[in-house]
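Subject: Structure handed over, with findings

Dear colleague,

Please find below the sequence and structure that I am passing on to you. My notes on it follow directly after.

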Amino acid sequence: MGMTMEAEREHLAASRAALARMLDLARHRVATGAQVAGDRYTAETLGRMLKSYAKELAEEPDGPLYFGRLRFADAPSAGDHSGQAYYIGRRHIADEAGEPMVIDWRAPVSRTFYRASARDPQGVQVRRRYGWRDGELTGFEDEHLWRGQDIASRIVTEEIERPRVGPMRDIVATIQPDQDDLVRADLDESVCVQGAPGTGKTAVGLHRAAYLLYTHRRRLKRDGVLVIGPNPAFLRYISAVLPALGEVDIAQRTLDQVIARRPVTGTDSEAAAAVKHDPRMAAVLSRALYARLGEPAGPLVVPEDSARWRISERALGRLVGEVWEESLPYGIARERLRARVVGLLQRQAEARGYAPGAAWIQRMGRSRPVRDFLDRVWPSVRPEDVVATLLRDPSTAADGILTPTEQEAILRRGGRRSAADLLLIDEVAGLINHPESYGHIIVDEAQDLSPMQCRALARRSTHGSLTVLGDLAQGTAPWAATSWAEQLTHLGKPKAQLVTLTAGFRVPGAVLALANRLLATLDVDVPPTQAMRTDGTVRVRQADDLRAATRQAVREALGHEGSIGVITDEPFTPPDDRVTALPARLAKGLEFDHVVLVEPAGLHPRLLYVALTRAVSRLDIVHRRPLPPAIQPTPLQN
Ligand SMILES: Nc1ncnc2c1ncn2[C@@H]1O[C@H](COP(=O)(O)OP(=O)(O)OP(=O)(O)O)[C@@H](O)[C@H]1O
């Protein structure tokens with residue numbers, strides 16, 4: 001039988017008690033861990049592990065402990081779960097005997113919660129969804145899948161339509177089947193999601209990170225998971241989602257933060273930036289680096305006591321050739337060459353009856369003649385020097401690759417370093433040594449990455465996989481991608497599966513109608529968004545005094561619940577902390593319950609598309625100059 005509300009409350013109380021007990025136990029272990037473990041190193045590792053476990057558990061002890069329950073039918077199609085019932089929540093909770101009271105949403109059985117339907121019940125008799133308010137259970141809703149009952153869930157609808165306040169939240173309770181496919185794709189599989197605005201790309205990416213860590217905990221704790229977002233404001237906006245899912249150890253950064261080895265001290269002209277972000281720069285930089293190699297000049301002679309070890313110029317040339325053939329990173333190749341040279345010396349010594357040991361080998365490797373030889377033939381270099389030299393005189397490395405005008409554009413006399421220069425330095429550093437590689441990288445707004453930025457990510461995921469999220473229609477960087485196939489090639493994952501999402505969970509129908517009209521003018525081949533919501537309002541007001549009209553629109557918006565975003569290039573002082581003023585460029589990836597868009601006339605059409613699609617409930621357009629044609633009200637609308 002189904003459980004009554006009273007029974008549900010009892011189960012909730014018992015689950016809370018169980019969680020409290022788990023938390024106590026974890027804290028106790030943190031306190032005593034040091035004494036239990038044998039040596040100090042183990043004690044420290046154990047302590048850190050337990051602390052992070054206690055922290056994970058404590059993240060949200062009073063929050064909703066679960067959002068659903070699956071009751072399986074007493075039937076063969078339910079397999080091992082026949083006749084069983086499971087609560088599904090954000091984290092695993094077990095009773096004193098170790099019996100599960102709540103199952104983690106990432107566990108294999110939980111998948112059924114997201115996938116089962118009336119048409120394909122997958123053994124589920126009843127799927128129950130719980131309603132919560134302020135941490136208290138308010139009710140539930142049953143779908144009798146076994147009987148073929150297919151209801152439009154009120155709880156799901158309310159969750160999607162709720163007014164937005166504050167930072168982004170998790171969507172574990174309402175992940176949709178096609179989103180679930182992406183969240184649970186294999187770790188070894190790289191995926192690329194082309195998703196219209198508000199289709200849940202960011203949400204999917206973050207839940208995928210949490211899923212992968214749960215499923216491959218050991219491997220990914222070692223190799224690391226990295227989330228890349230377009231700017232610090234975006235990262236702040238999404239920062240609470242993973243901790244709410246119990247994951248506190250995932251790095252969330254901008255790409256600039258990942259590659260920054262030095263502070264930025266200069267800026268580039270548009271022309272210079274365009275060249276520096278161009279994939280041909282990779283070839284130029286490689287040439288600039290390898291131009292440092294030299295030729296052996298004469299034999300190598302190492303005198304030692306009464307002996308003199310000697311390698312002829314020809315033999316040296318042969319060694320260099322062999323090392324070159326191995327295509328190792330520059331810095332590793334230099335050490336390989338040193339080892340080869342010493343190896344030859346060692347054989348000579350052995351042939352003459354010596355028995356050289358490790359100390360001898362080390363001494364030879366550091367001997368003056370060997371160092372001089374290496375410094376001449378395969379000198380050690382600093383990436384920043386390679387880039388500085390190149391920019392002072394691009395011609396040697398760039399002739400035949402960049403045009404004279406392009407070379408002129410990147411020519412720099414001073415010592416200032418731009419953001420793009422850091423990218424070039426990172427590229428060279430990547431030629432010298434393998435950078436730290438991650439087990440999995442999730443990259444959001446990936447359409448805006450330049451080819452050179454893609455390469456920076458590619459070299460950090462040579463042994464790992466990628467989740468690439470973006471929307472070609474929202475590409476606004478000068479080098480924005482126009483094709484995913486090409487972008488994925490730059491990212492080093494040309495075979496990644498491309499999945500398209502079109503079901504929009506953010507933007508309501510009325511606003512999408514406008515945005516989708518604009519889409520046709522954006523010069524990209526992507527399908528329009530299908531609104532999951534039929535509500536929403538659009539208001540367009542022309543005013544001579546833009547400032548006054550904006551203030552008025554914000555005043556009215558404050559009469560509603562939820563956040564308000566004023567998208568404008570003009571300075572605007574927010575009258576309330578629910579209001580954020582920002583230029584369209586920085587609105588990417590964010591959402592506001594109410595958007596006031598000021599003077600869209602000057603905006604690039606793609607930025608306009610981004611701005612329009614930030615609205616969750618209401619959109620106000622305030623303008624003085626005529627509206628861009630694509631969003632002028634049609635006679636039918638007015
Ligand atoms: N299955 C879902 N259930 C409830 N809400 C959802 C679901 N999927 C997405 N959302 C909500 O829809 C909104 C948009 O999601 P998200 O920001 O991930 O979209 P996006 O595709 O990254 O958008 P953009 O292209 O504009 O950056 C968020 O508020 C998110 O919580």
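Ala196 is in contact with Asp471, Leu501, Thr502, Gly504, Val526, Pro528 and Thr529, neighbours within four places in sequence being left aside; contact requires the C-beta atoms of two residues, placed from the backbone, to lie within 7 Å. The model is a predicted one, in which local features need pLDDT of at least 70 and side-chain atom pairs count only at pLDDT 80 or more, whereas totals for chains, interfaces and linings use all residues. Residues are numbered from 1 along each chain as its sequence is written.

Ala196 lies in the loop between strand E7 (191-195) and H6. Helices (H or I, at least four residues) and strands (E, at least two) are DSSP runs, numbered from the N terminus. Ala196 counts as buried because it has 26 C-beta neighbours inside 10 Å; the cut-off for buried is 20 or more other C-beta atoms within 10 Å of the residue's own, with 12 or fewer for exposed and partly exposed in between, all C-beta atoms being placed from the backbone.

Lys201 belongs to helix H6 and is likewise buried, with 25 C-beta neighbours inside 10 Å. Residues up to four places away in sequence not counted, Lys201 touches Val193, Gly195, Asp444, Leu469 and Leu501.

As to the ligand, 22 residues surround it, the closest being Thr174, Gly200, Lys201, Thr202 and Phe505; a residue is near the ligand if its C-beta atom, placed from the backbone, lies within 6 Å of it. Helix H4 (154-161) and helix H6 (201-215) each supply at least two residues of this shell, and the largest share, three residues, comes from H6. Domain 2 (185-261 + 381-502) and domain 4 (509-631) each contribute at least three residues to the shell, the domain bounds coming from an automatic or database domain assignment.

Elsewhere, six strands form an open sheet of mixed pairing in the order E3-E4-E2-E1-E5-E6, where strands pair if DSSP finds at least two bridges between them. Strand E3 (93-94) and strand E6 (136-143) stand at the edges with a single partner strand each, so one side of each is left without a neighbour in the sheet. E3 runs antiparallel to strand E4 (residues 100-104), joined by two bridges, and Ala94 stands opposite Pro100 in E4.

Yours sincerely
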